[in-house]
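This report describes a single protein chain with its ligand, moving from the ligand site to the strands and then to individual features of the backbone. Please keep the structure open while reading.

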Amino acid sequence: MKINLKDETFHGTADAPWYDTQGKPIQAHGGQVQRFTVDGREKWYWIGEDKTYGYRPCGGIHMYSSDDLFHWKDEGIILRTMQSTDEFEDAYFQTLYGTCSSEEKEKIFVDLDQNNCVIERPKMLYNEKTGKYVIWFHADGRFPGCRGDYDKAKAGVAVCDSPTGAFRLLGTYKLNYHDDPNGDYGFDGWENRGSVRDMNLFLDTDQTAYIIYSSEGNRTTFISRLDDTYTALAVPKEKAEEGVDFTRNFIGGFREAHAMFLYRNKYYMINSGCTAWSPNPAGYAVADHPMGPWKDLGNPCVDEGKETTYDSQSTCVIPVDAGRGRYIYMGDRWREDDLGNSGYIWLPILFSPDGTIMLKKRENWNFTRFPDNATIIG
Ligand code: GAL
C-alpha cells in the first residue's frame with residue numbers, strides 16, 4: 001500500500017509515544033536525523049541514545065531509518081556497550097577490538113561499561129573523503145576512582161563503513177580549552193579544562209565539520225573545527241589557537257542542547273539553559289559563520305508553554321527541504337523518573353522574512369497542512 005503522506009502527521013507537542021515499524025517504542029533520545037545515500041538508496045537516518053533500561057544499564061547508541069520521516073525501521077544498536085571485559089572474546093567485540101592491547105581494551109571498557117558509563121547526545125557525520133561514518137558523543141560516567149556521572153566529561157569518537165554499524169570506538173578525549181590558569185572554568189576548574197558535556201556536530205556546505213560543546217563547567221559553548229577525517233580536532237588542543245581553530249561563545253551563558261543549522265546563508269543555533277532533565281526556555285542565535293560571533297535573538301517559542309519550550313529540550317534541527325524553508329525542530333521531552341519513556345517533540349520552524357524564527361505549539365501537523373502558514377516562507 002502506498003502511504004499517503006498527507007494523512008500522516010507529527011504529533012508535535014501532544015504527548016504521544018512514537019513507535020517503530022514493528023510497534024516498539026523508538027529509543028533514540030538526544031538524537032539527530034539526517035539524509036544519507038547508502039548503496040544508491042537515499043533514506044533518513046535517526047541516531048540517538050538507547051534508554052530501554054532507563055539511565056542504566058546504558059543501552060548504547062541506536063539507529064533507525066525511514067523513507068518518509070514518519071515510519072521508522074529499527075536498524076539496531078550501532079555502538080554497543082559491554083557488561084564485562086569477558087565480552088572482548090565475543091565475535092562482535094573481537095572483530096572491533098581484536099587487535100587492541102589489553103591496556104587499550106581496559107580504556108575502551110571504561111567508556112563502554114554499561115553499568116558505569118554515560119553515552120549521551122550521539123551525532124553522526126559522513127566523510128566523503130574517507131567514505132567513513134563518524135559518531136561523536138558525550139562520553140561520561142564513573143571510572144575507577146570517581147563515582148560521579150558527569151566528571152569524566154569527554155567526547156567519544158567511533159567509526160564505521162556503514163551508518164548502521166557496528167561502530168568501533170576510537171577513544172574518548174578532552175577538547176580545546178581557553179589557555180589561562182587563572183580563568184573561570186566553572187565547576188570543572190583548570191584541572192578539568194577541555195571538558196565536553198552536551199554536544200552536537202555541524203557540517204558546513206564546504207564539507208568542513210565542527211563540534212559544538214558545553215565546557216568550562218557548562219558556562220561556555222565551544223565551537224571547534226574538526227580535521228578532514230572528522231575523527232579529531234583540526235589542530236591538537238595543545239597547539240590550537242582560540243579565535244582561529246576554536247571559539248568560545250555565550251561565555252558565562254550556561255547553554256546546552258545545541259542544535260545548529262543553515263538557512264539562507266545564515267547559521268542558526270538553538271540551545272537550552274542548564275537545568276538537567278527539567279525543561280527551561282530555549283534560546284536561539286544567528287551568525288554569518290559556524291564559529292560565530294553569535295547574535296542572541298531570545299526565545300523562539302511564542303505560545304503558552306514557551307517557558308519550558310513546550311516541555312522539551314533541543315537536540316537537532318532537520319533541514320527537510322531547505323529550499324522551501326522546511327525545517328524541523330527536534331526536541332526531547334525527558335521524563336526524569338522514567339527516562340526510557342521520554343518523548344520526542346518535533347515542530348516546524350517558522351521563518352519570518354527578516355530571518356527571525358518561531359516555534360509555535362502544534363499538535364498533529366505536517367508540512368502540507370499548516371493552519372497559519374502565513375508566517376512561512378517557501
Ligand atoms: C541535561 C542534558 C542531558 C543530560 C542531563 C543529565 O541538561 O541536556 O543530555 O546530560 O542533563 O542530567
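The model is a predicted one, and its local features are described only where pLDDT is at least 70. Around the ligand stand Glu-120, Arg-121, Tyr-150, Asp-198, Glu-256, Ala-276, Trp-277 and Gln-313.

| Residue | Protein atom | Distance to a ligand oxygen atom |
|---|---|---|
| Ala-276 | backbone N or O | 3.2 Å |
| Trp-277 | polar side-chain atom | 3.5 Å |
| Gln-313 | polar side-chain atom | 3.0 Å |

The ligand taken alone would expose 310 Å², and of this area the protein buries 90%.

Gln-313 leads from the ligand to a sheet, for this residue, whose side chain contributes a polar atom 3.0 Å from a ligand oxygen atom, has Asp-332 as its bridge partner in E18. The pairing concerned is that of E17 with strand E18 (residues 326–333), which is antiparallel and extends over 7 bridges. These strands belong to an open sheet of 3 strands, ordered E17-E18-E19, with antiparallel pairing. Because strand E17 (313–321) and strand E19 (343–348) each have a single partner strand and stand at the edges, one side of each is left without a neighbour in the sheet. On average, and with direction ignored, neighbouring strands here are turned by 25° against each other.

Another open sheet is formed by 4 strands in the order E1-E2-E3-E4, and its pairing is likewise antiparallel. Its edges are taken by strand E1 (29–38) and strand E4 (73–79), each of which has a single partner strand, so that one side of each lacks a neighbour in the sheet. The antiparallel pairing of E1 with strand E2 (residues 41–49) rests on 8 bridges, and within it Thr-37 has Glu-42 of E2 as its bridge partner.

In one of them the side chains of Lys-132 and Asp-161 come together at 2.8 Å, N to O. This pair links distant parts of the chain, since Lys-132 lies in strand E6 (residues 132–141) while Asp-161 lies in the loop between strand E7 (154–160) and strand E8 (168–173), 29 residues apart.

The loop between E7 and E8 also contains Ala-166, and the peptide bond from Gly-165 to Ala-166 is cis, with omega near 0°. A cis peptide bond likewise joins Gly-292 and Pro-293, where omega is about 0°, and Pro-293 has its place in the loop between strand E15 (283–287) and strand E16 (295–298). A further backbone feature concerns Asn-265, which has a positive phi of about 65° although it is not a glycine. Asn-265 is found in the loop between strand E13 (255–263) and strand E14 (266–273).

Terms used. Residues are numbered from 1 along each chain as its sequence is written. This is a predicted model: local features need pLDDT of at least 70, side-chain atom pairs count only at pLDDT 80 or more; totals for chains, interfaces and linings use all residues. Side-chain values use heavy atoms; hydrogens and water are left out. A residue is near a molecule or strand if one of its heavy atoms lies within 4 Å of it. A polar contact is a pair of N or O atoms within 3.5 Å; within protein, one must be able to donate a hydrogen and the other to accept it, and residues adjacent in sequence count only if both atoms are side-chain atoms. Accessible areas come from the Shrake-Rupley method with a 1.4 Å probe; for residues, only the protein chains shown count as cover. Two strands pair if DSSP finds at least two bridges between them. Helices (H or I, at least four residues) and strands (E, at least two) are DSSP runs, numbered from the N terminus. A salt bridge is a side-chain nitrogen of Lys or Arg within 4 Å of a carboxyl oxygen of Asp or Glu. Axes are lines fitted to C-alpha atoms, for helices over the stretch in contact, and angles run from 0 to 180 degrees between N-to-C directions.
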